[in-house]
Amino acid sequence: MLKRMQKQAGDKASAEQIVTPSGEVLIKDKKQITKDKFRKFMLGSKDREGFLKVFVIYALLICIGFIYIYPILHMLSSSFMTLDDLLDSSINWIPSSFNLDNYKQAAKSMDFWKSFGQSILIAGLPTLCNLISCSIIGYGLARFEFPGKKVVLGIILFTFILPSQVTMIPTYVLYSNMGILGTIWAFILPAILGMGINAPIFILIFWQFFRQVPKVLIEAAQIDGAGYWKSFYRISLPSAAPAIITVSLFSFVWYWNESYLTSMYVSGITTKSGWTSLIIQLKNFATNYDKYAQTAANGAASINESINMSGTMLSILPLLLMYFVLQRYFVESIDRTGITGE
Amino acid sequence: MSKKNPGKEDKMSKKNKRKLKEGSLAKRDAIVGLLFITPWIVGALVFLAYPLITSFRYALNNMRMTPLGMRFRYVGYGNFTEILFSQTDFTTEMISYLVSTIISVPIIVVFALIIAIMLNQNVKGKGFFRLIFFLPVIIVSGPILGMLNQEGAGSLTSIDTQAITSILESSLPGALADPISDLFENMVTILWYSGVQILIFISALQKIDRSMYEAAKIDGGSGWECFWKITLPNIKPMILLNIVYTIVFISNNEQNSIIGLIQDSMFSGTQEKGYGYASAMAWMYSIVVLLMVGLFAGLFMSRKDVYEKQVKKAKKAHKKEQRQLKQIERRSARNAKKNAKASRG
């Protein structure tokens, strides 16, 4: 591998010499050789990829990569701009000064620290419940044979496809009858019972994972006197660490980003409960900001693109930080869960 | 929950230990398995079956919130006909949703496949690219996309979408042109939807046996042929998975205008709207989504082996023959009895 990379690097260096017009000055029979070499270099041979192909792949990847992060770059750059920078057509990307005012005002209007703390609760507690319930259910499906197992799996798949809107209205009424509307219990309770947001995916991940735990291992544990619960808790669960990591990361992210159900069940649409999250604050950013600007004593600027963008930046900042710290687990997560089969 | 269960299990196993002499292991396993998925069963009854049935009941009623509680008035299919024929917003939104989904699902899946194949080559900085392509999965959510689109960060300013839009509008009917031009304007957000799909494809591509490609190369197969004859058939199940995932993701996304419509009519105070009206809308929407998933699944479901099919057919024919033979036997026996009776009589 290393040798090959070195070889490629060497070829690249020689390529520059060939591509330059200095190749024209060479003697004729040498020219023939370089031409052959050049063609081989560009189009590749049996055992080596051609420069052209490699170049196209890199160019495409870099272009598409740029398109991917373009909105984030745009957001980042315009969040630092002052109003003058925004109006100045000569300033495109780099703001004239490093200006944190937008962030301060956005944070104040979003009530950043309170919403941040509640966001963590709203995302964290159901994640924990999801983890517990989905692992138990997944284990039950993977390890035991019982009548109606196929039906259960079918229903789990069905709940994944079914849009949540169809059950949303009765669930809303149900929660309000139970008196848990506008509290965190509206998220925790379904999560405990394996009906949280995207819980079917998590159950299937655990199911897939526990199927790979060798049955012999569990039988050995049972011969040594472990009960059913112990062989799950002490033997199977520790070996499912990758699944646990994947499920908790994704569950956290999905709960964090869920604005629709959060605003409906937890923070309330018609009646405002005390609960809020960063995403909910962002959803109502314009009205919140207006309210804040009216009450602010030191004459806050009226809402503009920079403030919008800093608000957006603030609401995704915790996730971005988490992503860059835990990137390995995120990116490898799908490999590890064995969704694609072994 | 976690504390409750071990006690249950212990009791269960103790109880069963005494019975063990006659009870079979399989039976005990089945009971414990059911115990393990009890949370799910309860959850499915409370948060799935009950809401589904109730939602259907709501859809057949006109519901009003009064200080005394909810008041139902049975209207039969009134809500459905109201949505379909009297109000125009649902049908127009539905058509644009259908068109844009049918167009964007293949785009997303094919795009994800191309990226995955490129990343599966010997590319330096593979980890970095994967990091970038997966980033949107982490931050994508309704309000953020809304905010980005509002500020124009969702479309590429460098590509002149105006020209494409005007061409489309002049050549296609309005119902088709609008979703397609929307697609071009929100190209970035479309690409953003494909993070998970890319990773699924990459891990599927890595699991294809290298030696297959080598064998194909020895037999003189080109890269193009290898792609169609080896890569594609191998990742076909993943294509189906990605298609289903994409449809579900697009349909449940808050950016979807139908979802907004349902929510609006749920809390609207007008006479004919309300919970019942919204439920009817949600039912129709779900049925459309399920049908669409079914359609794509039907297109990409792995077909059964021809050999297996033939075997099944033969078995069926054999069974039928046997049944007929038995019938004839029975009939002849009956006839013989009858004849004997008649001759005796």
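Modeller: Let us begin with contacts: two residues are in contact if their C-beta atoms, placed from the backbone, lie within 7 Å. The model before us is predicted. In chain B, residues 24 or more positions apart account for 72% of the contacts with a separation of 6 or more. For chain A the corresponding share is 74%.

Biologist: What share of each chain counts as buried?

Modeller: A residue is buried if 20 or more other C-beta atoms lie within 10 Å of its own. By that criterion, 38% of the 342 residues of chain A are buried, and 32% of the 345 residues of chain B are buried.

Biologist: How many residues of each chain take part in the contact between chain A and chain B?

Modeller: On the side of chain B there are 78 residues, which are in contact with 73 residues of chain A. H3(B) supplies the largest share of the chain B side, 14 residues. That side comprises 55 nonpolar, 16 polar and seven charged residues.

Biologist: How is the packing of two helices described?

Modeller: Two packed helices are described by the angle between their axes and the distance between the axes. Take helix H8 (residues 165-178) of chain A and helix H3 (residues 38-59) of chain B: their axes come within 8 Å and cross at roughly 100 degrees. H8(A) and H3(B) are therefore roughly perpendicular to each other. Among the residues that meet are A:Val166, A:Ile169 and A:Leu174 from H8(A), and B:Phe47, B:Tyr50 and B:Tyr58 from H3(B). This contact of H8(A) with H3(B) involves 10 nonpolar, four polar and no charged residues.

Biologist: At what angle do helix H17 of chain A and helix H6 of chain B pack?

Modeller: Helix H17 (residues 305-325) of chain A and helix H6 (residues 126-139) of chain B pack at about 140 degrees, with their axes 10 Å apart. H17(A) is therefore oblique to H6(B). Their crossing is right-handed. H17(A) contributes A:Ile316, A:Leu319, A:Leu320 and A:Tyr323, while H6(B) contributes B:Leu135, B:Ile138 and B:Ile139. The residues of this contact are seven nonpolar, no polar and no charged.

Biologist: What covers the buried residues of H7(B)?

Modeller: In helix H7 (residues 142-150) of chain B, the buried residues are B:Gly142, B:Pro143, B:Ile144, B:Leu145, B:Met147 and B:Leu148. Elements of both chains cover them, including H17 of chain A and H6 of chain B.

Biologist: Which residues in the largest nonpolar core touch the most other members?

Modeller: That core has 143 residues, and A:Phe206, B:Phe201, B:Ile262, B:Met281 and B:Ala282 touch the most other members. Helix H16 (residues 275-300) of chain B gives the most to the core, with 12 residues. Beyond its neighbours within four places in sequence, B:Ala282 is in contact with A:Gln165, A:Val166, A:Met168, A:Ile169, B:Ser55 and B:Ile262.

Conventions:
Residues are numbered from 1 along each chain as its sequence is written. Chains are lettered from A and ligands numbered from 1 in the order in which they are written. This is a predicted model: local features need pLDDT of at least 70, side-chain atom pairs count only at pLDDT 80 or more; totals for chains, interfaces and linings use all residues. A residue is buried if 20 or more other C-beta atoms lie within 10 Å of its own, exposed if 12 or fewer, and partly exposed in between; C-beta atoms are placed from the backbone. Axes are lines fitted to C-alpha atoms, for helices over the stretch in contact, and angles run from 0 to 180 degrees between N-to-C directions. Helices (H or I, at least four residues) and strands (E, at least two) are DSSP runs, numbered from the N terminus. Angles under 35 degrees count as roughly parallel, over 145 as roughly antiparallel, 65 to 115 as roughly perpendicular and the rest as oblique. Ala, Val, Leu, Ile, Met, Phe, Trp, Tyr, Cys and Pro count as nonpolar, Asp, Glu, Lys and Arg as charged, and the others, Gly among them, as polar. A crossing is left-handed if the near helix is turned anticlockwise from the far one by less than a right angle, and right-handed if clockwise. A nonpolar core is a set of buried Ala, Val, Leu, Ile, Met, Phe, Trp, Tyr and Cys residues joined through C-beta atoms within 7 Å.
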